[in-house]
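User: I am new to reading protein models, and I would like to work through this one step by step. Could you take my questions in turn?

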Amino acid sequence: MIQGVQLDLISEERLSRMTSMEKIRLILDEVMEGNIVVLERGLAPEESSKLIEMTMMEISPDGFSGIEMETYPGKNTSGGLFSRIFGKQPAPARLTVIGPANQLKMLRKEKDLLSAWVSSR
């Protein structure tokens, strides 16, 4: 059998056709199998929170160790504090990388670079 790590690149188009729960279940199922998931468009803040919540319920001492997740921040086109006060939505996250916590370690995050170390099991 080939040794390595599976990397699933999921397009924004595919994600846009899914409900929030479908996205979360897809991501969680893939990561629990040991795959690294890269989303072309990041999750909404509520979806990220729900993913973390569901991940916490799946963690077990001898099995699934959780997720590592990192996202480029959205391009900040807002007017700063006033835009937040008056209810303008933040820019959506751009690229998101999600993987098993015991295999994916984020080394560096900058506005235009995510650097990660990935190990096979």
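The questions and answers below concern this predicted model.

User: Is Lys 23 buried or exposed?
Analyst: Lys 23 is found in helix 2, which covers residues 20–32, and, leaving aside residues up to four places away in sequence, Lys 23 touches Leu 15, Met 18, Leu 43 and Glu 47. Its relative accessibility is 14%, and because a residue counts as buried under 20%, the word for Lys 23 is buried.

User: How many residues apart in sequence are the parts that Glu 58 and Arg 25 tie together?
Analyst: Glu 58 forms a salt bridge with Arg 25, and their closest N and O atoms are 3.9 Å apart. Glu 58 lies in helix 3 while Arg 25 lies in helix 2, so the parts that this pair ties together are separated in sequence by 33 residues.

User: Which residues are linked with Arg 25 in a network of salt bridges?
Analyst: Arg 25 counts as partly exposed, at 28% relative accessibility, and Glu 58 counts as partly exposed too, at 29%. The network of salt bridges that includes Arg 25 also links Asp 29 and Glu 58.

User: Which strand holds Lys 109, the salt-bridge partner of Glu 70?
Analyst: In the salt bridge between Glu 70 and Lys 109, the closest N and O atoms are 3.0 Å apart. Glu 70 lies in strand 3, so the pair ties together parts that are 39 residues apart in sequence, with Lys 109 lying in strand 5.

Technical notes: Residues are numbered from 1 along each chain as its sequence is written. This is a predicted model: local features need pLDDT of at least 70, side-chain atom pairs count only at pLDDT 80 or more; totals for chains, interfaces and linings use all residues. Side-chain values use heavy atoms; hydrogens and water are left out. Helices (H or I, at least four residues) and strands (E, at least two) are DSSP runs, numbered from the N terminus. Buried means under 20% relative accessible area, exposed over 50%, partly exposed in between (1.4 Å probe, protein chains only). Contact means heavy atoms within 4.5 Å. A salt bridge is a side-chain nitrogen of Lys or Arg within 4 Å of a carboxyl oxygen of Asp or Glu.
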